Each structure stands twice: as structure tokens, then as C-alpha cells.
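This report concerns a protein and the ligand modelled with it. Please consult the sequence and the structure shown here before reading on.

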Amino acid sequence: MIRSWLFVPGDSDKKMQKGRGNPADALILDLEDSVSDDHQEEARLLTRDFLIRNTDRSRQQLWVRINPLDHALSLADLAAVMPGAPDGIVLPKVKSADDINKLSDYLDILEVREGLPAGSTKILSVATETAQSLLTFHSYLESVSKRLVALTWGGEDLAAALGASDNKNPQTGGYDDVFIYARSMCLATARAIDAQPVGVVYVNYRDLAGLEAECLHDRRTGFVGKAAIHPDQCEVINRAFSPSEAEISHARKVVKLFADNPGKGTIGLDGQMLDMPHLKQAQNLLQLAQIIEEKDRADDNGD
Ligand code: COA
Ligand code: MG
């Protein structure tokens, strides 16, 4: 389970090294927007070498964001980084599930070339950065590659694609309607296909209290984990997306209550009505807590 996904510019060996020591569950080595045109070649080679040098992915996965599929550089990016066996590819500016399937076909071939297990490279879709993407969410339900394990959304490129001068409402400070629509559809689509919905980056990286509040909002809504742009953000994200002791003990109570009352579909607990969705939520939370505990134990053992 990946809680924090830290973007690291792929042309900065220093930042990639720094990312490696960060508690981020995954790094996204970026070949797209954080790399200028004249650093593309260098970034591709640095990123490949970094992947090749860092084969242990047990504590932290290494993903790569390539250029969009309709960009001339995207295939060169993929061909360059696959020898490093990235855990996954982040695909930006997706228009529909067709893009995911096309990327998956490319990966089929490159995995053979590199002698990697078929299907081992996962995909995260940045699912709301183009105008087309807002009209094609249903395509994910028709037929999409099993490599697709996570969806996230983006408000910055979408604003540009829609001709908007800003994505925030100046009165409230919150996102404007169309961006809330994008966020909601990303969440619903991810859940509909059993993929992880990942919260969007919080760009004001000095404001950790604001980040924490947004993480908790994301989590309440159904998102699991969040993208980050600065190392300081990952600890906050990990904490916010880990169940608290109080949540774990409440979930244990709920599970025990149903186990002690077999055949009952509804039970009262502290004046609250509990039924099957509450049991499912409690089971999910305990499962999540267990995954995190195992991961923390592996970290302590220096794995
Ligand atoms: N990954 C790894 N290390 C990072 C980092 C990142 N994303 N962002 C900053 N750092 C490092 C800095 O190099 C610096 O290291 P040092 O103390 O050894 O010199 C340290 O963390 C503190 O950084 P800070 O001075 O607070 O920020 P900055 O001015 O160096 O960088 C940004 C600010 C926004 C340029 C930087 O955070 C960044 O590049 N973020 C990623 C941007 C990105 O990938 N965008 C695309 C996705 S939306
Ligand atoms: Mg972008």
C-alpha cells in the first residue's frame, strides 16, 4: 500500500539520492513537467542509472513519470528506463483508457526485451489533465489493462487545458466546480475498477498544517495516499493515511461485535446503528493497519 508518492525531478541526482532516504513509500522519478526541454536526455540517463543502482524496492518503490503518449519523447523515455525495472509508470495527460492500454502494450514488449516478468510493471494514470479526460471516464470500465493499479487527478494542467486562468475560487480558496468534478470522477472511477484513488499534490509545500488538513479531507472522501512534491510532506502524508490507535480499537470492537452475534445484520454500539457497510469499513481499516504495521516492521529491520 503506497501512502506517499514523492515526485523527484529526474535530472537531479542529488534530489533522487535525497528521496531514497525519505520515508516516502514511493518515489516518482519525473521525466515530464519538472524537467526542461534541454535536460530531457540527461534526465532519462540519470533516471535509468538511478533505477539500476537501486534494486531493493522493499521499503520504497521507484516509479517513473514519462512524457505523455502523444509526445515524441514518451517512447524514448520508456525504452531508456525499462532496463532499470521501474515498479511502475506514471502516465500524464491521459485522454482515455485507450492510452493506458497502449502503454500496457508497449510494456508487454519492453518487459520481454529486459527479461522482466510479464505484467510486472504497474501503471498510475494521471486521469484528469486533459479536456477529453473529463468525458471518457466510462472507458476505464469497458476494458483496461490489469497493470493499472492507481488513478490520480491534476488541477494545474487541467486548468490550462480548459482555458481557465485559475483553478481556485477566490472567495472560498477551494477548487472551482470543474476541478471538484474531476476529483470526484477520479475517485469514483478508481473505486469502480478496484484501483487506488490517490490524492492530488498540495503545492504550498511550506504549509504542513494545510497539507495535513487536506490529507484528512482526502481520506474522509475515500482517497488512499497522496502525491508529494517536497520531502517534508511525506511524513505528514504517511501519518494522515495510517489508521490511528482510536480508529483501530473501534474497528476491532465492530468486528468482534458481529463475530459474537452471528446471523445479525444490524447491531447497536454506543448508541450508533451498525450494519454491513460498517463491518466492511472496519475490516478494511484493520487490513490497512496490518499492511502498515508489517511495512514499519520491515523498515525497522532495515529491509
Ligand atoms: N525530492 C527530493 N529532494 C528534494 C525535493 C524533492 N522533490 N524537493 C526538495 N528537495 C531537497 C532539496 O534539494 C534540498 O536538499 P538539501 O537540503 O540537501 O540542499 C532539501 O530537499 C530542501 O529543499 P528546499 O530548499 O526546501 O526546496 P527547494 O527550493 O530546493 O526545492 C522545489 C523546491 C519545489 C523546486 C522542489 O521541492 C522540487 O523540485 N519538487 C518537485 C517538483 C516536481 O517534481 N514537480 C512535478 C510534479 S507536480
Ligand atoms: Mg503536469
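The following paragraphs describe the surroundings of the ligand and then the domains of the chain.

The model is predicted. Ligand 1 sits in the second largest pocket. Around ligand 1 there are 15 residues, of which F7, K14, R206, I229 and H230 come nearest. By class, this shell comprises 7 nonpolar, 2 polar and 6 charged residues.

Two elements each supply at least two residues of the shell around ligand 1, namely the strand β1 (4-9) and the helix α1 (13-20). The largest share comes from β1, with 4 residues.

| Residue | Protein atom | Ligand 1 atom | Distance |
|---|---|---|---|
| F7 | backbone N or O | nitrogen | 2.8 Å |
| K18 | side-chain N or O | oxygen | 3.3 Å |
| R206 | side-chain N or O | oxygen | 3.0 Å |

Ligand 1, taken alone, exposes 890 Å², and the protein buries 65% of that area.

On the scale of the whole chain, the protein is divided into domain 1 (4-240) and domain 2 (245-302). The centres of domain 1 and domain 2, taken over C-alpha atoms, are separated by 30 Å.

Methods. Residues are numbered from 1 along each chain as its sequence is written. Chains are lettered from A and ligands numbered from 1 in the order in which they are written. This is a predicted model: local features need pLDDT of at least 70, side-chain atom pairs count only at pLDDT 80 or more; totals for chains, interfaces and linings use all residues. Side-chain values use heavy atoms; hydrogens and water are left out. A residue is near a molecule or strand if one of its heavy atoms lies within 4 Å of it. A polar contact is a pair of N or O atoms within 3.5 Å; within protein, one must be able to donate a hydrogen and the other to accept it, and residues adjacent in sequence count only if both atoms are side-chain atoms. Accessible areas come from the Shrake-Rupley method with a 1.4 Å probe; for residues, only the protein chains shown count as cover. On a 1 Å grid over the protein atoms alone, a cavity is a set of points where a 1.4 Å probe fits but cannot get out, and a pocket is an open set with protein on both sides within 12 Å along at least five of seven lines; lining residues have an atom within 4 Å of a point. A molecule sits in a cavity or pocket if more than half of its atoms lie within 2 Å of its grid points. Ala, Val, Leu, Ile, Met, Phe, Trp, Tyr, Cys and Pro count as nonpolar, Asp, Glu, Lys and Arg as charged, and the others, Gly among them, as polar. Domain bounds come from an automatic or database domain assignment.
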